Amino acid sequence: IIENSYSSAFYSYNVPRATIRNCVFRNNWGSTDGSALLLENTSLSIYNCYFFNNTFNNRLSDQTSVINLNKQSNATFYNCVLANTNTPSGFMIHSKMSTVQLVNCNIINNISLRPVFVEDNSKVNIANSIFYNNINSGNVDSTEIRFSNSDITLQKTITQVYDYGNKALFS
């Protein structure tokens, strides 16, 4: 159990290959990116992990996240749960110039600007995963998975989005 960490609970820089198995990341918080995980130029496989109630204290920035991949990082999440996180001005997963894969994952009961946001030539592959009961924190262009100048592949994945005012938000 990795809990009650300030800044990044797990930070990895220039690691060519790493694995995390059967861990719980809970009640971690930070002031910028990656309150639970921050990866820079790292390749990481995450198996059977639970990310619960992680947040950040910088409510003014729209670039904060619980899991952050940066600078050509690669992360694959297998059978993971990301739940009960309140990041109203940020993201659950933010990928910039990196690759993220979610396989058999559940992203549930979160409040965020965008649960998954990939940008700047990132790639995201999501397979056999469920996005459920995630609440948009108020930006009308938000969806559960948002990408900007990036590639996305969805396979056998269920998403659900809530309305904001009188505008329907679609994923």
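Ile46 contacts Ile20, Leu37, Phe51, Ala75, Thr76, Phe77, Tyr78 and Cys80, leaving aside residues up to four places away in sequence. In this predicted model, Ile46 also belongs to the largest nonpolar core, where it is among the residues that touch the most other members. The protein as a whole has 21 strands and 0 helices.

**The nonpolar core**
- The largest nonpolar core contains 30 residues.
- Along with Ile46, the residues touching the most other members of this core are Leu37, Phe51, Ile67, Phe77, Ile93 and Leu102.
- Strand β10, which covers residues 65–70, supplies the largest share of this core, with 3 residues.

**The whole chain**
- The protein has 171 residues, and 44% of them are buried.
- Among contacts with a separation of 6 or more, 78% are between residues 24 or more positions apart.

**The surface**
- The protein has an accessible surface of about 8000 Å².
- Carbon and sulfur atoms account for 47% of that accessible surface.
- Ile130, Tyr132 and Ile158 form a nonpolar surface patch of about 290 Å².
- Ile130 has a relative accessible area of 34%, so it counts as partly exposed.

Terms used
Residues are numbered from 1 along each chain as its sequence is written. This is a predicted model: local features need pLDDT of at least 70, side-chain atom pairs count only at pLDDT 80 or more; totals for chains, interfaces and linings use all residues. Side-chain values use heavy atoms; hydrogens and water are left out. A nonpolar core is a set of buried Ala, Val, Leu, Ile, Met, Phe, Trp, Tyr and Cys residues joined through side-chain atoms within 4.5 Å. Buried means under 20% relative accessible area, exposed over 50%, partly exposed in between (1.4 Å probe, protein chains only). Helices (H or I, at least four residues) and strands (E, at least two) are DSSP runs, numbered from the N terminus. Contact means heavy atoms within 4.5 Å. Accessible areas come from the Shrake-Rupley method with a 1.4 Å probe; for residues, only the protein chains shown count as cover. Patches are made of residues with over 30% relative accessible area and no salt bridge: like charges are joined within 9 Å, nonpolar side chains (Val, Leu, Ile, Met, Phe, Trp, Tyr) within 5 Å. A salt bridge is a side-chain nitrogen of Lys or Arg within 4 Å of a carboxyl oxygen of Asp or Glu.
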